[in-house]
Amino acid sequence: MIRGLRLLQMRPIFCFAADKTPATTQGKQQQAKPIQVYKDGQLITKNYLQLKKSQDIEGYVLALVKNYYRTTNKSALTLDSELEQHGLDSLDSIELSMQIEEDLGYVISAETLPVLNKIRHYVNYIKQVEQYKVENNASPLA
């Protein structure tokens with residue numbers, strides 16, 4: 001039994017989808033690499049979106065929420081709109097965050113999710129992550 005536990009401890013826990021390196025090299029930050037995803041049964045390679053300008057970030061988040069299938073009153077959607085005003089709850093916030101993670105390559109921690117109640121909160125979060133990437137030449141961990 002103990003020998004089996006030792007084997008589990010020596011194996012890498014997971015590998016990144018973009019490269020097959022174990023997660024034990026966590027000290028080195030990964031640059032934005034192409035990722036491979038399955039879409040409609042086919043393996044396609046895509047790059048993460050790169051949003052640099054404030055207008056691009058705002059437009060991306062507004063389009064993301066407008067195109068989300070459960071959003072109501074899409075014509076009245078603004079940056080200062082709360083998600084609840086448009087029929088979205090905390091589970092929808094999680095799904096929107098997962099879409100942002102997939103598109104931009106970010107990792108949004110579970111502690112951050114309850115704070116993201118307005119569309120502007122998502123915009124500010126993306127701006128802060130992009131600013132961190134510029135200043136430190138690396139992606140934040142969470």
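Tutor: A residue is called buried under 20% relative accessible area, exposed over 50%, and partly exposed in between. Arg70, at 36% relative accessibility, therefore counts as partly exposed. Keep in mind that this is a predicted model.

Student: What does Arg70 pair with in a salt bridge?

Tutor: Arg70 meets the side chain of Asp92 in a salt bridge, at 3.5 Å from N to O. Asp92 is in helix H3, residues 90-104, and Arg70 is in the loop between H2 and H3, so the pair ties together parts that are 22 residues apart in sequence.

Student: And Asp92, buried or exposed?

Tutor: Asp92 is buried, with a relative accessible area of 2%.

Student: How many salt bridges does a search of the whole structure find?

Tutor: The search finds five salt bridges. One of them joins Glu130 and Lys52 through their side chains, with 3.7 Å from N to O. Glu130 lies in helix H4 (residues 119-136), whereas Lys52 lies in the loop between strand S2 (42-46) and helix H2 (54-67), so this pair ties together parts that are 78 residues apart in sequence.

Student: Where do those two fall on the exposure scale?

Tutor: Glu130 counts as buried, at 6% relative accessibility. Lys52 counts as exposed, at 57%.

Student: What about Arg120, which residue does it form a salt bridge with?

Tutor: Arg120 forms a salt bridge with Asp80, and their closest N and O atoms are 2.8 Å apart. Arg120 belongs to helix H4 and Asp80 to the loop between H2 and H3, so the parts tied together here are 40 residues apart in sequence. Both partners are partly exposed: Arg120 has a relative accessible area of 29%, and Asp80 has 49%.

Student: Let's step back to the fold. How many helices and strands are there?

Tutor: The protein chain has four helices and two strands. From the N terminus on, the order of the elements is α-β-β-α-α-α.

Student: What share of the residues is buried?

Tutor: Of the 142 residues in the protein chain, 27% are buried. As for contacts with a separation of 6 or more, 43% of them come from residues 24 or more positions apart.

Student: Switching to aromatics. What is the count of pairs?

Tutor: The count comes to one aromatic pair. Tyr68 and Tyr69 form this tilted pair, with 5.1 Å centre to centre and 50° between the planes.

Student: Why is it called tilted?

Tutor: Planes under 30 degrees apart would count as stacked and planes over 60 as edge-to-face, so the 50° between Tyr68 and Tyr69 makes the pair tilted.

Student: Which of the two tyrosines is buried, and which is exposed?

Tutor: Tyr68 counts as buried, at 9% relative accessibility. Tyr69 is exposed, with a relative accessible area of 63%.

Student: Now Thr71. Where is it found?

Tutor: Thr71 is in the loop between H2 and H3, and it counts as buried, at 6% relative accessibility. Its side chain reaches the backbone oxygen of Val65 at 2.6 Å. Setting aside neighbours within four places in sequence, Thr71 is in contact with Val65, His86 and Leu88.

Student: Last topic, backbone angles. What is the phi of Asn73?

Tutor: Asn73 has a positive phi of about 55°, although it is not a glycine. Asn73 lies in the loop between H2 and H3 and is partly exposed, with a relative accessible area of 47%.

Student: And Asn137, what is phi there?

Tutor: Phi of Asn137 is near 55°, again a positive value in a residue other than glycine. Asn137 is found in the segment after H4 and counts as exposed, at 56% relative accessibility.

How values were computed
Residues are numbered from 1 along each chain as its sequence is written. This is a predicted model: local features need pLDDT of at least 70, side-chain atom pairs count only at pLDDT 80 or more; totals for chains, interfaces and linings use all residues. Side-chain values use heavy atoms; hydrogens and water are left out. A salt bridge is a side-chain nitrogen of Lys or Arg within 4 Å of a carboxyl oxygen of Asp or Glu. Buried means under 20% relative accessible area, exposed over 50%, partly exposed in between (1.4 Å probe, protein chains only). Contact means heavy atoms within 4.5 Å. Rings of Phe, Tyr and Trp (its six-membered ring) pair if their centres lie within 6.5 Å; planes under 30 degrees apart count as stacked, over 60 as edge-to-face and the rest as tilted. A polar contact is a pair of N or O atoms within 3.5 Å; within protein, one must be able to donate a hydrogen and the other to accept it, and residues adjacent in sequence count only if both atoms are side-chain atoms.
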